[in-house]
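Biologist: Please take me through this model, starting with how its strands pair.

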Amino acid sequence: MPELVRIVERGSVPPGGVLLAGLPDVGLVGVIATTHIISSLGMEEVAYIDSNLLPPIAVLHDGLPHSPLRIFHKDGILAVLSETAIPASAVQPISQSIVDWCKGKEVKMVVSLGGLPTPNRQNIEEVKVFGAASNDEALKALREGSVEILERGFMVGPYALILRYCAEKGINAIALLAQSFFEYPDPEAAAAVVSKVTEMLNLEVDVTELLKKGEEIRLRARDVMRRTQQELARMSKSQEYDLPLYV
Amino acid sequence: MYWERRRRRSIFEIIDEYLEELERASREFMGALLSGRPSWDTSERCLEPLTNMHITPDEVVVTVDLPMVKPETIKVRALSDNVLEVSAEMKRTVYFREFGVTHHSGEFCGFKSKTRIPVPVDMRNLTTKFVRGILEIHIPRKAKAGVRIPVE
């Protein structure tokens with residue numbers, strides 16, 4: 001069977017790091033948060049993800065082509081970031097490949113940064129961050145970080161699969177999900193997950209600038225959000241609102 | 001020699017397949033509508049905002065994401081019985097180069113969108129509120145004369 005997804009390393013990737021995942025999802029929370037962390041820490045590209053399941057896209061930076069899905073690194077912190085919406089049909093093989101790659105790199109923790117769609121988000125002044133984990137050790141890390149656990153419910157999308165595959169492979173993984181808008185870019189929610197993850201990992205990243213530029217980020221993120229909305233509809237993301245069967 | 005007996009498909013499977021096909025076609029149609037044109041218009045110097053619509057039994061709720069706008073300039077107009085226009089001026093002019101784009105030239109000083117409402121509504125009684133940069137428009141649905149059915 002031909003390889004559906006390949007991760008091509010362009011630089012050396014030291015084993016035993018922590019991987020942050022910033023993939024397009026509700027409110028583009030993970031993408032905004034991860035982009036901010038990458039630029040604040042001055043992380044550099046070490047690998048990219050290629051797949052014939054992705055649209056034929058090159059993202060131009062300073063006139064040079066890049067894959068829209070890249071992995072960055074600095075001082076043991078890795079970050080996977082997608083600059084375009086991931087087609088619903090590619091979510092499973094890409095999530096699987098990221099987790100397999102993490103296993104090979106002996107990644108000690110995968111941290112997915114994202115949003116938790118909240119219908120009355122407009123009326124929430126202080127955004128709360130919730131968490132889910134791949135195993136008991138990761139759950140403990142969430143509790144130690146004072147993150148409220150999502151005890152029951154549905155997760156839909158790449159983070160749902162990353163958690164499941166990490167559980168399968170014995171990798172510690174958590175998802176930090178801030179209350180967010182479903183269909184609109186949410187820099188405030190992104191700032192909340194950045195604050196939480198940097199506190200848990202002892203990193204120094206200031207979110208003042210992120211909050212200050214919030215409106216401009218919302219303006220620039222419109223087109224990626226528009227395409228992400230289409231893919232979220234294809235993967236029935238609204239199922240996250242469903243109440244689970246509880247007998 | 002291997003014999004493969006071809007299973008006859010039930011009518012339910014055929015209907016399911018048909019519905020899936022229909023759903024796929026409609027998604028593609030929506031996708032084409034959404035992605036076939038840019039979200040900006042240099043001749044009108046405006047950007048198209050992100051818009052969403054939810055239909056409840058009593059009302060249609062349209063939300064419009066309007067970052068960087070002057071709230072006092074927001075205009076909501078009913079162009080007809082079922083088309084709603086929203087426009088607003090931005091606090092400052094935005095240029096293509098701010099997006100890192102150098103192969104287009106132009107500037108934008110506002111947002112404009114038109115939304116078609118798919119069910120009969122009463123445009124005269126719509127209400128609006130603008131919170132956290134998002135405009136929320138509530139339009140009551142036109143009531144039909146109902147028939148009360150006794151519950152046994």
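Biologist: Over how many bridges do strand 6 and strand 7 of chain B pair?
Modeller: Strands are DSSP runs of E with at least two residues, and helices are runs of H or I with at least four, numbered from the N terminus. Two strands pair if DSSP finds at least two bridges between them. In strand 7 (residues 107-116), B:Ser113 stands opposite B:Val86. Strands 6 and 7 of chain B pair in the antiparallel sense, and the number of bridges is 9.

Biologist: What sort of model is this?
Modeller: Residues are numbered from 1 along each chain as its sequence is written, chains are lettered from A and ligands numbered from 1 in the order in which they are written, and side-chain values use heavy atoms, with hydrogens and water left out. Local features need pLDDT of at least 70, side-chain atom pairs count only at pLDDT 80 or more, and totals for chains, interfaces and linings use all residues: the model is predicted.

Biologist: Which residue stands opposite B:Arg77 in strand 6 of chain B?
Modeller: Strand 5 (residues 75-78) runs antiparallel to strand 6 (residues 83-95) of chain B, and 4 bridges join them. A hairpin through 4 residues connects the two strands. Opposite B:Arg77 stands B:Glu85.

Biologist: In what order do the strands of the open sheet in chain B lie?
Modeller: The sheet has 4 strands, and its pairing is antiparallel. Between strand 3 and strand 4 (residues 59-65) of chain B there are 5 bridges, with B:Asn52 opposite B:Thr63 in strand 4. The order is 3-4-9-8.

Biologist: Why is one side of strand 3 and of strand 8 of chain B left without a neighbour in that sheet?
Modeller: Strand 3 (51-55) and strand 8 (127-131) of chain B stand at the edges, so each has a single partner strand. Neighbouring strands of the sheet, with axes as lines fitted to C-alpha atoms and direction ignored, are turned against each other by 15° on average.

Biologist: What share of the 152 residues in chain B is buried?
Modeller: Chain B holds 1 helix and 9 strands, in the pattern α-β-β-β-β-β-β-β-β-β along the sequence. Buried means under 20% relative accessible area, exposed over 50%, and partly exposed in between (1.4 Å probe, protein chains only). Of the 152 residues, the buried share is 30%.

Biologist: Is B:Ile149 buried or exposed?
Modeller: B:Ile149 lies in the segment after strand 9 (134-140) of chain B. Its C-alpha is separated by 32 Å from that of B:Val62, 87 residues apart along the chain. With a relative accessible area of 66%, B:Ile149 is exposed.

Biologist: How many residues of helix 1 of chain A are buried?
Modeller: Helix 1 (residues 29-41) has 13 residues and reaches 18 Å from its first C-alpha to its last, close to the 18 Å expected at 1.5 Å a residue; the expected span is 1.5 Å times one less than the number of residues. Among the buried residues are A:Val29, A:Ile32, A:His36 and A:Leu41. Helix 1 is largely enclosed by the rest of the structure, because the buried count out of 13 is 10.

Biologist: Which residue with positive phi follows helix 5 of chain A?
Modeller: Helix 5 (residues 187-201) of chain A has 15 residues and reaches 21 Å, close to the 21 Å expected. Its buried residues include A:Pro187, A:Val194 and A:Lys196. Following helix 5, with phi near 60°, is A:Asn202.

Biologist: How many disulfides does the structure hold over all chains?
Modeller: A disulfide is a pair of cysteine sulfur atoms within 2.5 Å. The sulfur of A:Cys102 is 6.2 Å from the closest cysteine sulfur, in A:Cys166, and therefore too far for a bond. A:Cys102 is buried at 1% relative accessibility, and A:Cys166 is buried at 0%. The number of disulfides over all chains is 0.

Biologist: Is A:Met109 buried or exposed?
Modeller: A:Met109 is in strand 8 (residues 109-117) of chain A. Leaving out residues up to four places away in sequence, A:Met109 touches (heavy atoms within 4.5 Å) several residues, including A:Leu19, A:Ala141 and A:Ile174. At a relative accessible area of 14%, A:Met109 is buried.

Terms used:
Axes fitted to C-alpha atoms, helices over the stretch in contact; angles between N-to-C directions.
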